[in-house]
Amino acid sequence: MAVKTGWEGRFFEDFEVGDIYPHPLGRTLTQNDNISFTLMTQNTASLHFDQHYAAQTEFKRPLINSCLTLALVTGQSVTDVSQNVFANLGWDEVRLPNPVFEGDTLYSRSEVLEMRESRSRPDVGVVTVRTEGHNQNGALVISFRRTLLVYRRGKKPQVARP
């Protein structure tokens, strides 16, 4: 039987400005996700974990913590964008044009905006992407630019395989 290697992500040489990656996995956010993340990060905004309080707002229900939205949509992009990351350099222009609620399912995609060789690290290159997250109805709920260092082919540390 032949052992076949699975997808191991893109290396710096695999990116091209203008490429768009529709990320393969969606994720439905639950009440438990929202409450756990909010309390784990010591966010004390009642809007995320107190249904009685949230019912008195214009939303009438709890909002998903926006940092959870950012973390989830970033995570959805890893398989296509940063599986071979050396380091994230920053998230810029984070926008949250529509609210996210418990029970919403998020899907995302990224577009390669810029890439260049690293001036200080020959084993990596600098890639900038714009990532968008949409809910199950197609509404844009988050967008951001992310800049990261991505390993060049053959320069990534090796993973131990059985």
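Modeller: First, a term: a pocket is an open set of grid points where a 1.4 Å probe fits, with protein on both sides within 12 Å along at least five of seven lines. Keep in mind that this is a predicted model.

Colleague: OK, how much space lies in the largest pocket?
Modeller: About 150 Å³.

Colleague: And which residues line the largest pocket?
Modeller: Glu8, Phe11, Asn84, Gly154, Lys156, Pro157, Gln158, Val159 and Arg161.

Colleague: How do the residues of that lining divide?
Modeller: Into 3 nonpolar, 3 polar and 3 charged.

Colleague: Switching topic. What's in the largest nonpolar core?
Modeller: That core has 11 residues. Leu29, Phe37, Ile64, Leu68, Leu72 and Val73 are among them, and so are Val100, Leu106, Val141, Ile142 and Phe144.

Colleague: Which elements give two or more residues to this core?
Modeller: Helix α3 (66–82) and strand β6 (140–151). Another core lies apart from it, with 9 residues, including Phe12, Val81, Leu148 and Val150.

Colleague: Back to Ile142. What does Ile142 touch?
Modeller: Leaving out residues up to four places away in sequence, Ile142 touches Thr69, Leu70, Val73, Val94, Arg95, Leu96, Pro97, Thr131, Glu132 and Gly133.

Colleague: Now Ser77. Where is its place?
Modeller: In helix α3.

Colleague: Is Ser77 buried or exposed?
Modeller: Buried, because its relative accessible area is 0%, and buried means under 20%.

Colleague: So what does Ser77 touch?
Modeller: His23, Ser82, Ser110 and Arg146, again not counting residues up to four places away in sequence.

Conventions: Residues numbered from 1 in each chain as written. Predicted model: local features only at pLDDT ≥ 70, side-chain atom pairs only at ≥ 80, totals over all residues. Heavy atoms only, no water. Core = buried A, V, L, I, M, F, W, Y, C linked by side-chain atoms within 4.5 Å. Buried < 20%, exposed > 50% of the residue type's maximum accessible area, 1.4 Å probe, protein only. Helix = DSSP H or I, 4+ residues; strand = E, 2+ residues; numbered from the N terminus. Contact = heavy atoms within 4.5 Å. 1 Å grid on protein atoms, 1.4 Å probe; cavity = no way out; pocket = protein on both sides within 12 Å on 5 of 7 lines; lining within 4 Å. Points joined across faces, edges and corners; volume = space filled by probe spheres on them. Nonpolar A, V, L, I, M, F, W, Y, C, P; charged D, E, K, R; others polar.
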